[in-house]
Amino acid sequence: MEYKMLFSKFKIGNVELKNRIVMSPMLMGFGQFNGNATEKMMDYYEERAKGGTGLIITEITRVDDLTGASSFGQLSMSKDRNIPSVSELAKRVHKHGAKIFVQLHHPGRQNVSLMINTVPISVFFDKIMPKNTYSRLLYGSVVPLGKKLAEKDLLFKTVSPSKCRKSKFAQSKNRALSVSEIHKIIEEFGDAALRIKKSGCDGVELHASHGYLIQQFLSPETNSRADKYGGSLENRMRFLFEIIEEVRKKCGSDFPIAVRLTVDEMYDRIGENGRGYGLSEGVEMAKMLEKKGIDAIDVSSGGYDTFNYWLEPTTFECGWRKNLAREVKKAVNIPVIAANLIRSPEQAEKQLEEGIQDLVSLGRPHIADPHWANKAFEHREDEINRCICCLYCFESMMNGAYVGDNGHCSVNPFVGREGIALSKNGASRKVVIVGAGAAGLMAAKLLAMRKFRVTVIEKSKDAGGQLNLADKPPHKEKMLWCAEDLLVNAEKAGAEIIYGVTASKQVIDSYSPEIVIIAAGAQAVFPKRFNAENAVTVTEILNGSVIVENKRVCVIGSGMTGLETAELLCERENSVSVIEMADEIAPGAWFQHLDDIMPKLKKYGVKFYKGEKLVDIKKDGIITENTKTGEKTELKCDLAVLSLGVKPNDSLYEELKNAYPHVYNIGDSSKAGRIHDAVESAYQTVISIK
């Protein structure tokens, strides 16, 4: 397919882009206390510039160190000291023909109280203490104590246009900004924009989206002020307007300003009709911003209270919110940027052709594959490593933010390692890999890239392993993209995949390998004490070997696999109950996945039993025991579906571990985990091979 519009030149203000592909701003935590761009951050952005994108918009970049720092690893433009490193970042991006805008941001009430007033102290002590000493102290002692104090609301309050309910995600008490504080923050935005211009960057984006401070002023949900900054739409827009005026005053009319704007807060999607504002008012905001003289609108939706409606889980359909950009584009005559959950070049081109938007914004796709643009341009679309919307990038970034780690990607182990090159010293040495799941295929791809001669032995007729089950619940088709993309790239790198062969020592010996890697996966746990005719594992439901319709089913275990299997069973008109031994449903699951699936299960009428341990399976039901009282309960059902985790298939490794010079066990056959764990296991093993 020809991508004539996608790869046509386009201008934002006086800045000409070589194509219409934009890298969305995404915090990944590659920074440091003082907010300077680190080498790791520069490598990360430069790789995306090298990969062909036309415009890179940096992660959220703070303008205020006291109330506006969202992360210890966040980029900053709050001080002149930040100019040199961002200048170097701009040079490295420009070297590859890409342009760079810096997104300016203040979190407002969506900050965590632990971060209020913390950055200046961290910068000071990090500077005077021996290298890494303060980091160890902060992440090892101060942060854990701070979290405990924050849970009891004993730390500083976050700031907001008005005192309002806590942000769902941050859960920090907030207070209203004074007028003088508002003026100070406006000035800080202008000062930060001037530093961006001095650094040689091409423009600025103001973050008026995703529930952060500027959007908080726009929304009647968080702005109940009675002065000139609250009330009417014009008054609620005043804070943003005055920031724009300040940027223009300090940077001039020729320095492009884009605004990332939530045009629909999506409260109605979570059943909270009447809160916030919807699309009609969002379009009015866009029209008012055009009149104010900005150069582009970056259309988005939602906020932290409606998290899944701006950072979607895998079940959301590609392009599901493109109507938002379409309505804005109809109303304005300035460039419209939009993400719209675009995953393929074909989809991107089509939405440009349909006039939905002027520029295609790709966030997580650029994490998954920094060379998305070049692969599309060179008609290597099948080689694109697609984002499967698993949310691990955001989850890992948030979990790593308070232990000194950065965000990671389930399908791209090179995130944060862009400056590390794979050695190509394989010298055609023979490698046999057993298993073509995520771990086996990633190992095959990387070893083939290193110039090893790789053969993968897969007992089934298809590649994918556990991924062939992960895509079976409703709307989970994207999960199989991981297997499809790994397979294509492994084969193009030179790996050979042999199907329908069960690996044994005799089979492996026939290849005379120097290196053997076992990636045999795992199997669902079925305790021997439950040798019942009316019990199966989730595997049998997901692989289709057991079809259940119009039955009473008890799903034992409420991890995400159990919940997703429950949804599949509901779709087949079964009456479903979920039994969980813990005191909460899906303990340890990332909250967005629960926010996505729980309303669906409740709509189906699924019953949930918490704190109940399965003790027996009968012919016509199950017996559970309350974990607190010991009281036993009998639940009638036609079938029990066990979702009790998986155990590694490590028997082949145990048999072969001393049979060859180098034998490795990776992925689920070593330790059961998620896609990221399998891929990371493969990466670590491959780089350890000399």
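Me: What makes a set of residues a nonpolar core here, and which members of the largest one touch the most others?
Reply: A nonpolar core is a set of buried Ala, Val, Leu, Ile, Met, Phe, Trp, Tyr and Cys residues joined through side-chain atoms within 4.5 Å; buried means under 20% relative accessible area, with a 1.4 Å probe and protein chains only. The largest nonpolar core has 128 residues, and Leu104, Leu206, Phe239, Leu261, Leu289, Ile433 and Val454 touch the most other members. Another core, of 25 residues, lies apart from it and includes Leu469 and Val548.

Me: What is the model's origin, and how are residues numbered?
Reply: The model is predicted: local features need pLDDT of at least 70, side-chain atom pairs count only at pLDDT 80 or more, and totals for chains, interfaces and linings use all residues. Residues are numbered from 1 along each chain as its sequence is written, and side-chain values use heavy atoms, leaving out hydrogens and water.

Me: Why are α5 and α7 called oblique?
Reply: The axes of α5 (residues 179–198) and α7 (residues 233–251) cross at roughly 40 degrees and come within 8 Å. Angles under 35 degrees count as roughly parallel, over 145 as roughly antiparallel, 65 to 115 as roughly perpendicular and the rest as oblique. The two helices are therefore oblique to each other.

Me: Which residues of α7 make the contact with α5?
Reply: Contact means heavy atoms within 4.5 Å. On the α7 side are Phe239, Glu242, Ile243, Glu246, Val247, Lys250 and Cys251.

Me: What is the angle between α8 and α9?
Reply: About 40 degrees, with the axes 9 Å apart. That makes α8 oblique to α9.

Notes: Axes fitted to C-alpha atoms, helices over the stretch in contact; angles between N-to-C directions. Helix = DSSP H or I, 4+ residues; strand = E, 2+ residues; numbered from the N terminus. Buried < 20%, exposed > 50% of the residue type's maximum accessible area, 1.4 Å probe, protein only.
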